[in-house]
Protein chains: 2
Amino acid sequence: MGASKTEHFTDEQNEIATLAKALGHPARIAIIEYLLSVDACICGDIVNELPLAQPTVSQHLKELKNAGLIQGNIEGNAICYCVNEETLGKLNNYINHISNKITNRNNCC
Amino acid sequence: MGASKTEHFTDEQNEIATLAKALGHPARIAIIEYLLSVDACICGDIVNELPLAQPTVSQHLKELKNAGLIQGNIEGNAICYCVNEETLGKLNNYINHISNKITNRNNCC
DNA sequence: AATCTTCATCGTAATATTGCAATATTAAAT
DNA sequence: ATTTAATATTGCAATATTACGATGAAGATT
């Protein structure tokens, strides 16, 4: 198949899965880290930071954008990118939430 | 291609991407949520909780296991599953960490 | 021993992802 | 107007993922 049966799951489950999936590639993790490391919006030069060809980087940026994890602003010739605080915060809240639920009361594992 | 160029990224980037990828499917989010909701190790019956066939669930469990997000203990005929606190904690720490880095100082976005 | 239960694995089809070369687009610079 | 620079899109090949029926393996039940 290859297509997920998203209709059988809750909106939240699908939403979180989409965010996690968007972060499920080292290049995209690297992009997020880079955007955060410069602590500002980045116009261009993301391609130079990654060991991947320009179309590949562009594709990864697109996926991060689709998931809402980054935003891009057209700045004349270039495009300024930055991390979307709200979306990353949503994922953060979720992971925090489920992490706090772990108790492993009867720890068979 | 279809294969990620993992060798060009740091161990941490690859590790986090692997964890995120493992959570990048609603069924696997549902599995984690279910394991946490019962607040215990679950022997079997995960298949009954999901709208997917048994081999499919087994496959998803395998991926979660490979990523280290869950553990499975053989309990006679059945297998007891529970969430691996350490691994989920690692992802939680990471997301917390990068979330805290957001400042969007010159907010062009 | 034969059967049932539980879970994993195999095989396979459908689809998605990854990566890049080639090309297109758009705005700035000349 | 041409050229340059930055990014997106297209098209394609290689590989991965998702899903499930069929089958296998191993302990439990009868």
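This is a predicted model: local features need pLDDT of at least 70, side-chain atom pairs count only at pLDDT 80 or more; totals for chains, interfaces and linings use all residues.
Residues are numbered from 1 along each chain as its sequence is written, and chains are lettered from A and ligands numbered from 1 in the order in which they are written.

**View 1. Chain B can be laid on chain A by a turn of 180 degrees.**
The shift along the axis is 0.0 Å and the RMSD is 0.1 Å, with copies superposed by least squares on the C-alpha atoms of residues with pLDDT of at least 70 in both. The two copies are thus related as by a two-fold rotation axis. The same surface serves both copies, as 100% of the contact residues of chain B recur in chain A.

**View 2. Chain A and chain B each give 49 residues to their contact.**
Here, two residues are in contact if their C-beta atoms, placed from the backbone, lie within 7 Å. On the side of chain B that touches chain A, the elements giving two or more residues are H1, H2, S2, S3 and helix H5 (85-100). Helices (H or I, at least four residues) and strands (E, at least two) are DSSP runs, numbered from the N terminus. H5(B) makes the largest share of that side, with 9 residues. By class, this side of chain B has 25 nonpolar, 16 polar and 8 charged residues. Ala, Val, Leu, Ile, Met, Phe, Trp, Tyr, Cys and Pro count as nonpolar, Asp, Glu, Lys and Arg as charged, and the others, Gly among them, as polar.

**View 3. Helix H2 (residues 26-37) of chain A meets helix H1 (residues 11-22) of chain B.**
Their axes come within 8 Å and cross at roughly 115 degrees; axes are lines fitted to C-alpha atoms, for helices over the stretch in contact, and angles run from 0 to 180 degrees between N-to-C directions. H2(A) and H1(B) are therefore roughly perpendicular to each other (65 to 115 degrees). Look for Pro26(A), Ile29(A) and Ala30(A) on H2(A), and for Gln13(B), Asn14(B), Ile16(B) and Ala17(B) on H1(B), which make the contact. These comprise 5 nonpolar, 2 polar and no charged residues.

**View 4. Chain B holds an open sheet of 3 strands in the order S1-S3-S2, with antiparallel pairing.**
Two strands pair if DSSP finds at least two bridges between them. S1(B) and strand S3 (residues 78-83) pair over 2 bridges, and Cys43(B) has Cys80(B) as its bridge partner in S3(B).

Notes
Angles under 35 degrees count as roughly parallel, over 145 as roughly antiparallel, 65 to 115 as roughly perpendicular and the rest as oblique.
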